Amino acid sequence: MPAQPLLTDFPAFAHLQTKAQSLQKGSISALIDDDTQRTLNYVRTAAGLRVDFSKYLLDDATLALLLQLAKQADIQRSIAALFGGDCVNTTENRPALHTLLRADADDGMAEQFTQVSATRASMQTLADTIHHGKHQGFTGKAITDVVNIGIGGSDLGPRLATQALAPYHGSVRCHYVANVDPADISMTLAGLDAQTTLFIICSKSFRTEETLANGLTARQWLLDHGASHGDLQQHFLAVTTNLEAAAEFGIASANCLPMWDWVGGRYSVWSAVGLSTAIAIGWDRFSEFLQGARHMDLHFRTAAHEQNVPLILSLLELWSCNLLGATNHVVLPYDQSLNELPDYLQQLTMESNGKSVNLDGITLPYHTAPVLWGSAGTIGQHSFHQLLHQGTLQCPADFILPLTSHTDNAEQHRRLVANCLAQSRTLMVGRTLEQATATLTARGADMQSAQTLAPHLVMSGNRSNTVVTMEKLTPSTLGALLAMYEHKTYCSAQLWGINPFDQWGVEVGKDIGVAVYARLQGDDESPIDPSTDALIAQWREANR
């Protein structure tokens, strides 16, 4: 096999380095002022989303070089490999078939698609039965609350989708428990009725420590509130591959839905992991969610490079991180229902692309995934936006903006939109020393005071950002949005030469955790390291 090329090996990369040095001397505002067509030419659309990257420190020649880089990396072959079921997860010798979960045909993978179709049918039956109040608890009362117990991809995806699609909820309330901290499940159960609560345990292995601990607490809670062991079948479902372990817990195979090795947890919201969302919004709406992602898949697979939205976003990420020196990326959804989006994208991008060796195991000489963070606007404007505008870090930003609201408060939504667009513009234009001085004198300061204070009001501007808009946040546009970020993540991985589908950094902490727990239990007194041993001793002292 030929050696995996490094990003820096592609001929276009050296030219991009030269362009970066040149463009950093200019400004985004000047680029917009000099090109009357920029706000048209730097916009792409797909699957109900409109992506405006005109406020990026980027010119036509640079964009052409980035597209040339994608061609040199043979990104189209990588896209075909993903959809063709090739072994793109090379370290675990697996395909990554999350796109098949929302497909409407087998695309040459008949065996897997048959499994997907059968699981969809089971999900539909369960979702419809529970959503419409036809599933009863141990006293004959209809289920009113569903608690999804999982962690990582078994929690973040359905948690985000359920919250984001709150306007489409039926009468069944869905809750999410992930943290092994007992306070998480205790606070959730405090407001629920055991007679009308159903639990979904999402764990591929049914051995995930946090999930199993919370599941055992949920089971005991039911027993303590009048349920018998025989009644548990009416109150537990599982999404797992380990039917034996689920049966030992008390969940029969008939109440289990499958997970597959060819779907990573952070790509699994489209699978049975999304059952809680399907229950909350109903199967028809969940089908629209899948369809929105399917539309983005079709676009990603077939669009020319210069029009391909996920690829363009990936190239912007590479440009920012590897050529302009940004080490982080902020996501700013201007819709409170998307408050969980940054957390979801943190796992998607950093667990996927937080790697330091390429596919050949060679240490990389450049950064890969930026640190991703953010929160819903306008909340962040009164906290970390100060750093965005005047801090020393470069923080490329994605603004996510539904153009219409599900509420009937048009005036307040207008204020929200104004804030979003103002923040995007402010990142670009900043405020000069002269403008700061003029602002202060207009407020009544004398010239000497104004000149003294003005440097503290200066903002450099020239901070790249993208604005992603949609007509309304619907199941379809949410599906498209999440699929867009999935494919962006995949493209970036291909350009960096890494595997976005393994997560060995997660595994080692679990292994060490077993040893630490044994020490806390007193089952093993073998020393670990002086610092950890001292902390264990401190815990023991506090819990005598």
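Which element gives the most to the lining of the second largest cavity? I take this up under the third entry below.

**Entry 1. Overall form**

I note at the outset that the model is predicted. I looked up the secondary structure of the protein and found 21 helices and eleven strands. I then turned to the radius of gyration, which is 25 Å, close to the 24 Å that the globule rule gives for 544 residues, so the protein is as compact as a globular protein of that length. I also recorded the extent of the C-alpha trace, which spans about 75 × 65 × 55 Å along its principal axes.

**Entry 2. The open sheet**

I traced an open sheet of six strands and wrote down its order as β1-β2-β11-β10-β8-β9, with mixed pairing. At the edges I found β1 (43-46) and β9 (371-374), each of which pairs on one side only. On average, neighbouring strands of this sheet are turned by 20 degrees against each other, with direction ignored.

I next asked which strands helix α14 lies across. Helix α14, residues 341-353, lies across β8, β9 and β10 (397-402), and I noted that the helix runs at about 175 degrees to β9.

**Entry 3. The cavities**

I counted two cavities of 30 Å³ or more. The largest cavity holds about 60 Å³ of space. Among the residues that line this cavity I listed four tryptophan and phenylalanine positions, Trp260, Trp270, Trp283 and Phe286. The elements that give two or more residues to this lining are α6 (110-131) and α12 (283-302). Helix α6 supplies the largest share, four residues. By residue class, I recorded nine nonpolar, two polar and one charged in the lining of the largest cavity.

The second largest cavity has a volume of about 40 Å³. I found it lined by Glu317, Thr349, Asn353, Ala369, Pro370, Lys488, Thr489 and Trp496. Two or more residues of this lining come from each of α14 and α19 (475-496). My opening question is settled here: α19 gives the most, with three residues. The lining of the second largest cavity divides into three nonpolar, three polar and two charged residues.

**Entry 4. The largest pocket**

I then examined the largest pocket, for which I recorded a volume of about 920 Å³. Which residues that line the largest pocket are the closest to its centre? Of the 38 lining residues, I found these to be Thr208, Gln503, Val506, Glu507 and Lys510. The elements that give two or more residues to the lining of this pocket are α7 (153-164), α9 (209-224), α14 and α20 (504-521). Helix α20 gives the most, with seven residues.

**Entry 5. Cross-reference**

Terms used:
Residues numbered from 1 in each chain as written. Predicted model: local features only at pLDDT ≥ 70, side-chain atom pairs only at ≥ 80, totals over all residues. Heavy atoms only, no water. Pairing = 2+ DSSP bridges. Axes fitted to C-alpha atoms, helices over the stretch in contact; angles between N-to-C directions. Contact = heavy atoms within 4.5 Å. 1 Å grid on protein atoms, 1.4 Å probe; cavity = no way out; pocket = protein on both sides within 12 Å on 5 of 7 lines; lining within 4 Å. Points joined across faces, edges and corners; volume = space filled by probe spheres on them. Nonpolar A, V, L, I, M, F, W, Y, C, P; charged D, E, K, R; others polar. Rg over C-alpha atoms; globule rule 2.2 N^0.38 Å.
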